[in-house]
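Dear colleague,

Please find the structure below for your review. My findings follow it.

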Amino acid sequence: MPIVTTSSFNLKLAASILLNNKNVAFPTETVYGLGGNALSDEAVKNIYKLKGRPLYNPLIVHFKNLDMVLDYFDLNHVELTIAKNFWPGPLTLILNKHKANSPKISSLCYGNHTSLGVRVPGHPIAQHLLNTTNLPIAAPSANASNQLSPTLPSHVLSSLPYDDLLILNNNKPNLGLESTIIEVIDGKINILRYGSLNLNKLTKLGLDIVNSDNENQQNSPKAPGNLSKHYSPKTKLRLNASNVNNNEALLAFGEIPQNLSQAKVILNLSPSGNIEEAAHNLFAMLWELDNLASLHNKHNPLYFNSIAVMEIPTNNYLGVAINDRLKRASSK
Ligand code: TXA
Ligand code: MG
């Protein structure tokens, strides 16, 4: 079964699988999600099982719109302002359980937390599933725990190779990085994970952003999935490379200096140095390099066992998010 087109037949099939408390992998505008009915312990438990995810690491629950979120949670005025401006979109809001006016969301979604990550995605397929099932859908990224997030159906298949898992093919380019996770504390915005949300637009709302440096959260992160070892390719990464070694491929950004152009395998996140393009390509190119690395043995001229990554500027929220993912991907 696994990867199927988004024909109306397959979309109906996907909706009925979700309504039967089983799981489906579907595209969002950020990365692929592994979805299940958030009201069903059975569906949610199986998400943890398929991913091999520890039960303490909470899930993001997706809703069709803000109105439906408001059926489940009370939002304060700052949360409402953010939600109205950025939903549907690549934003996850952490909402407190004590603000939940419905106990129906499976407690398993919360991990061992007292808050829930809530998101309204804009992708038409995600929207279609949310609207036709009329369910809140729990969906972490559709990869085995600690692996790279998937941006293509083939990534989902290689990370979660289950014969009976339906994977809906994407029909739109995605942003490539996960949603930005925000928690509002004392009226101020705490960024728990940098991601695809345009922070410049957030700043324009005149809201205070605090604690936006999540470096110090690497070891005791508020978002437990933000442990420093995360998003890992199998192949070793070396960051901010100014040279390439014999057994290294190059992950480039922008114009490639002469000495780096010697690398035997080169993928360029964005030849023109466009940060949106780089964000879109990041996981896909890491997946691809990982695949290439596994193809060749030591005697093959294209053999490499490490990836040198050129410096990527952090003067923009996407640059920060990309460097965050690379740092985790390179940690041992
Ligand atoms: O773009 C995305 O956010 C994708 C798409 C599928 O929606 N989802 C995603 O989910 O990236 P996941 O589970 O791979 O990453 C969610 C992160 C994890 O690091 C988790 O620890 C954190 O969000 N998280 C979830 N609920 C939380 C909570 N209540 N408090 C703090 N962190 C939370
Ligand atoms: Mg993930």
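Is Ser306 buried or exposed? Ser306 is buried, with a relative accessible area of 4%; buried means under 20%, exposed over 50% and partly exposed in between, with a 1.4 Å probe and protein chains only.

This is a predicted model, in which local features need pLDDT of at least 70 and side-chain atom pairs count only at pLDDT 80 or more, whereas totals for chains, interfaces and linings use all residues. Residues are numbered from 1 along each chain as its sequence is written, chains are lettered from A and ligands numbered from 1 in the order written, and side-chain values use heavy atoms, without hydrogens and water.

Ser306 lies in strand S15 (residues 306–309); strands (E, at least two residues) and helices (H or I, at least four) are DSSP runs numbered from the N terminus. Neighbours within four places in sequence aside, Ser306 contacts Thr235, Lys236, Asn247, Glu248 and Ala249, contact being heavy atoms within 4.5 Å.

S15 belongs to an open sheet of four strands, ordered S12-S15-S13-S14 with parallel pairing; two strands pair if DSSP finds at least two bridges between them. Its edge strands are S12 (236–238) and S14 (266–268), each pairing on one side only. S12 and S15 are joined by three bridges in the parallel sense, and Leu237 has Ile307 in S15 as its bridge partner.

The largest nonpolar core has 78 residues, of which Phe63, Ile82, Ile182 and Leu251 touch the most other members. Such a core is a set of buried Ala, Val, Leu, Ile, Met, Phe, Trp, Tyr and Cys residues joined through side-chain atoms within 4.5 Å. Helix H8 (residues 275–295) supplies its largest share, ten residues.

Yours sincerely
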